[in-house]
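Please keep the sequence and the coordinates at hand.

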Amino acid sequence: MVYKSVQTSSSTIVRQLAAPAPVALSSIEIRLLRLRLVRPFETSFDRLDTRLIMLTRIEADGVEGWGEIVALEEPLFSYETVETAREIIKRHFAPALLHGTITSLDDLVGRLRHFRGHPMAKAGLELAWMDLVGRLRQEPITTLIGGTRTRVDVGVSLGIERTREALLAIVDEHVALGYQRIKLKIKPGWDVDIVDAVRQRHPTMLLSVDANAAYTLADFAHLRKLDAYKLLMIEQPLGHNDLVDHARLQGQIDTAICLDESIGDVHAAEQALCLGSGRIINIKIGRVGGYSEALAIHDLCLSMGVPVWCGGMLESGIGRAHNLALASLPGFTLPGDISASARYWTRDIITPPVTVAADGTVIVPIRPGIGIDLDRDYLHSETVAIDRHERI
Ligand code: OSB
Ligand code: MG
């Protein structure tokens, strides 16, 4: 065993964690499938009716590991897309991994480190690696990374609707399902009045908003009005790569700012916390390039007393199983965007689907790897493309 003890910081554990024996990957597969959302999901940047799900599958000695690449079809949340991830894996990442043997996550990360950017594509490979190692070691990912929770607190992210009445009905429905926190997507023209209406109906509920970078410095006075509603946080109000204006805004409002798009790695997290750009960080494994970086951000925030929570990108059950493992770490003290399968899909690609208990928690899988079973019939019937890269 190469790693020391669970007392070590979790990012050190995960980086040094060895496979039981050096692993010679025989193939890397990218699988695309299109799933219809149970209801369209509208944000300040887009409206989605379906999600093109992008899965990674690696194989070694007949054992497989599954991950998910959270890129969208258009470069609206970040510059990556499903097609850029396909191309970068085909031309650069797969050739870098499909030779020799890989001994640890650190080894895998090291082979990809010199390639700039493309964190979502990198994350898809790290996730599949951690599932594979978990299966080889017969341990769940939560154990491999030093998770401390058996259940995680969850909330739900609700999109922009056509009418206020429609949103209020959807909010009521999700409060009744037990979700511990409701997050409303906002944009100019769909913000203070909407929050006012939801707050009147649910005076004490944990409530937050997410602007996906829809505002600018010119909107400070308007955003300050949100202070009246005792929100848990305002997520990413300003530019996707901004830290300085967020610090200025945080200096002028009481509500905590949470950063999502602006935090691409642990370096950005450190700078944001130094500058005071926010008081909470949303960690998405895909956005930051995988477990290694997500754990580093978690450790930094835990050491500085900054709360973190696990964000989502409308993942299939595979991505959500990874998110559950991540959210089992001690620093994840706020409810995550890890909702039930039924909030997204009529049928998920895993069985049983993810369910949320009446107390607003989800069980962390404890079987080896991501700890879930695939609904292989459904997975195959919805698949629209497979890229297969083999060891040369
Ligand atoms: O900003 O958190 C976001 C979905 C797609 C892209 C960006 C975001 C989101 C969500 C949904 O808010 C979270 C979920 O998966 O439930
Ligand atoms: Mg967000």
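Where is the place of Lys-230? Lys-230 is in the loop between helix H8 (220-224) and strand S10 (233-235); helices (H or I, at least four residues) and strands (E, at least two) are DSSP runs, numbered from the N terminus. The model is predicted, so local features need pLDDT of at least 70 and side-chain atom pairs count only at pLDDT 80 or more, while totals for chains, interfaces and linings use all residues. Residues are numbered from 1 along each chain as its sequence is written, chains are lettered from A and ligands numbered from 1 in the order in which they are written, and side-chain values use heavy atoms, with hydrogens and water left out.

Lys-230 has a positive phi of about 50° although it is not a glycine. Pro-352 sits in the loop between strand S14 (350-351) and strand S15 (361-363). Most residues other than glycine have a negative phi, and most peptide bonds are trans.

The protein is divided into domain 1 (18-138 + 377-390) and domain 2 (144-374), with bounds from an automatic or database domain assignment. Their C-alpha centres lie 23 Å apart. Across the boundary, 39 residues of domain 1 are in contact (heavy atoms within 4.5 Å) with 47 residues of domain 2. The buried area, meaning the accessible area (1.4 Å probe) that two parts lose on being put together, summed over both, is about 3,700 Å² here, and carbon and sulfur atoms give 68% of it.

Three salt bridges are counted between the two domains, each a side-chain nitrogen of Lys or Arg within 4 Å of a carboxyl oxygen of Asp or Glu. Arg-162 forms a salt bridge with Glu-42, the closest N and O atoms being 3.9 Å apart. Several elements give two or more residues to the side of domain 1 that touches domain 2, among them strand S2 (27-42), strand S3 (47-60) and helix H4 (119-137). H4 provides the largest share of this side, 12 residues.

In the whole structure, a search finds 29 salt bridges. Asp-387 forms a salt bridge with Arg-86, with the closest N and O atoms 2.9 Å apart. This pair links strand S17 (residues 383-390), which holds Asp-387, to helix H2 (residues 82-97), which holds Arg-86, 301 residues apart.

Asp-210 lies in strand S9 (residues 206-210) and Asp-260 in the loop between strand S11 (257-259) and helix H10 (266-275), so the pair ties together parts that are 50 residues apart in sequence.
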